[in-house]
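Me: Hello! I am new to this structure and would like to walk through it with you, one question at a time.

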Amino acid sequence: MSLRWFADWLDTHAWSTALHESFYMYPFIETTHVLALTLFVGTLAIVDLRMLGYAYRTTPISTISQSVLPWTVVGFVIMIVTGVLLFYAIPVRTYHSVWFRIKVIMIVLAAINAVHYHYRISKNRVLWDHAPKPPRSVRLTAAASIFLWVVVIFTGRMIAYNWFDCDRPQPDWVITVAGCVIDEVATL
Amino acid sequence: MTLLDIFERLEEMWIGEAIRTSYWLFPFIEAIHLVGLALLGGTVIVVDLRLLGLTLRSRPVAQVLLNARPYFILALLTMFSTGIPLALSEMIKLYYNFSWWVKISTLGVAILFTFLVRDRIVTRHDASRVTLGALGLVSLVLWFTVAGAGRWIGFS
């Protein structure tokens with residue numbers, strides 16, 4: 001069962017086409033998406049660097065989290081809203097994008113990592129809240145967070161390039177991973 | 001020799017040539033540039049929001065700044081070491097690109113402002129809250145202009 005029907009349905013919307021073809025709106029939304037990276041990944045990096053014991057070592061982890069993470073959330077909301085609009089503007093191609101698919105998987109993994117930290121690892125935070133260098137498990141989630149979001153930035157940037165698009169000749173593995181519809185490929 | 005001649009010479013250098021003839025190099029360097037942007041933005045934002053009294057209010061401004069500074073400099077170095085090769089690959093396009101000129105001139109102002117004005121005043125510990133807030137606001141406007149104009153290079 002593929003979600004292609006959903007992308008096709010979005011593609012029939014007049015607003016989707018209008019957004020894709022708009023002279024200023026699309027670049028404006030994409031620029032907002034990129035600039036919000038600073039607020040989202042940038043401020044999250046500050047929290048992760050604290051958890052790694054690399055920055056703000058004399059500030060309790062709870063202080064950094066409570067004070068900085070609300071801004072991270074603001075950045076995340078902007079990322080999601082602009083990201084959904086960017087998908088809405090170009091639904092079918094993005095749905096088949098190998099890069100977009102990797103990106104979504106990485107976001108899911110990053111979310112699991114965040115939930116795991118929030119509900120498991122941070123349970124005994126009082127024991128290491130003031131530690132300049134927190135325990136290994138804490139540092140590992142912080143490192144995983146940085147790694148996953150860096151991959152998200154990488155794959156996100158690559159969506160713009162058409163190397164693996166279904167309308168070009170592709171090796172079998174790309175056709176599989178991208179979920180290209182063979183009949184469509186043959187007619188192009 | 002005109003400025004355009006200099007830009008043409010720079011574009012002819014091997015490094016720009018290598019990036020232009022490669023399939024992957026430009027996107028790859030560009031992606032690292034974006035990772036650098038995230039870190040640069042984060043280190044700028046956390047300090048400026050503190051100056052505006054919007055985060056880490058229980059911590060002294062100088063402490064917030066000095067802890068972020070090594071990562072701000074690391075991010076700046078990442079931006080330069082990726083941004084210069086990217087620029088060298090398309091100097092003539094950039095010569096005619098208004099967004100790039102906005103970005104580069106604002107970048108110069110932002111760097112000077114950050115190191116010579118903002119950081120000096122903040123680490124002197126005697127500035128008023130209004131002064132600190134103004135420094136944070138100016139810094140945010142400058143750096144977001146650099147980033148926004150930078151993204152717009154690709155659209156114009």
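Me: How many helices and how many strands are there in chain B?
Reply: Happy to start there, and please keep in mind that this is a predicted model. Read along the sequence, chain B follows the pattern α-α-α-α-α-α-α. The count for chain B is therefore seven helices and zero strands.

Me: What does the secondary structure of chain A come to?
Reply: From the N terminus on, the elements of chain A run α-α-α-α-α-α-α-α-α. The total for chain A is nine helices and zero strands.

Me: What box do the C-alpha atoms of chain A fill, and what does the trace of chain B span?
Reply: Both sets of figures are taken along the principal axes. The C-alpha trace of chain B spans about 50 × 30 × 25 Å. The C-alpha atoms of chain A fill a box of roughly 65 × 35 × 25 Å.

Me: Which helix gives the largest share of the side of chain A that touches chain B?
Reply: The contact takes 26 residues from chain A and 26 residues from chain B. On the chain A side, helix H3 (25-52), helix H4 (61-89) and helix H7 (136-158) each supply at least two residues. The largest share, 13 residues, comes from H3(A).

Me: How do the residues on that side of chain A divide into nonpolar, polar and charged?
Reply: This is the side of chain A that touches chain B, with 26 residues taken from chain A. Its residues divide into 18 nonpolar, seven polar and one charged.

Me: Which residues touch the most other members of the largest nonpolar core?
Reply: In soluble globular proteins, nonpolar side chains tend to be buried together. The largest nonpolar core here has 60 residues, and those touching the most other members are A:Leu37, A:Val41, A:Ala45, A:Ile153, B:Ala38, B:Val46 and B:Ala68. The elements that give two or more residues to this core are H3, H4 and H7 of chain A, together with helix H3 (25-51), helix H4 (61-88), helix H6 (98-123) and helix H7 (129-152) of chain B.

Me: Are H6(B) and H7(B) roughly parallel or roughly antiparallel?
Reply: Two packed helices are described by the angle between their axes and the distance between the axes. H6(B) and H7(B) pack at an angle of about 155 degrees, with their axes 8 Å apart. Angles over 145 degrees count as roughly antiparallel, so H6(B) and H7(B) are roughly antiparallel.

Me: Is the crossing of H6(B) and H7(B) left-handed or right-handed?
Reply: Among the residues that meet here are B:Phe113 in H6(B) and B:Leu142 in H7(B). The residues of this contact divide into 15 nonpolar, seven polar and two charged. As for the crossing, H6(B) passes H7(B) in one that is left-handed.

Me: Is B:Leu56 buried or exposed?
Reply: B:Leu56 sits in the loop between H3 and H4 of chain B. Its phi is positive, about 50 degrees, although B:Leu56 is not a glycine. Because B:Leu56 has 23 C-beta neighbours inside 10 Å, it counts as buried.

Me: And is B:His125 buried or exposed?
Reply: B:His125 is found in the loop between H6 and H7 of chain B. Phi of B:His125 is near 65 degrees, a positive value in a residue other than glycine. B:His125 has 9, so it is exposed.

Note on methods:
Residues numbered from 1 in each chain as written. Chains lettered and ligands numbered in written order. Predicted model: local features only at pLDDT ≥ 70, side-chain atom pairs only at ≥ 80, totals over all residues. Contact = placed C-beta atoms within 7 Å. Helix = DSSP H or I, 4+ residues; strand = E, 2+ residues; numbered from the N terminus. Nonpolar A, V, L, I, M, F, W, Y, C, P; charged D, E, K, R; others polar. Core = buried A, V, L, I, M, F, W, Y, C linked by C-beta atoms within 7 Å. Buried ≥ 20, exposed ≤ 12 C-beta atoms within 10 Å, placed from the backbone. Axes fitted to C-alpha atoms, helices over the stretch in contact; angles between N-to-C directions. Parallel < 35°, antiparallel > 145°, perpendicular 65-115°, else oblique. Left-handed = near helix turned anticlockwise from the far one by under 90°.
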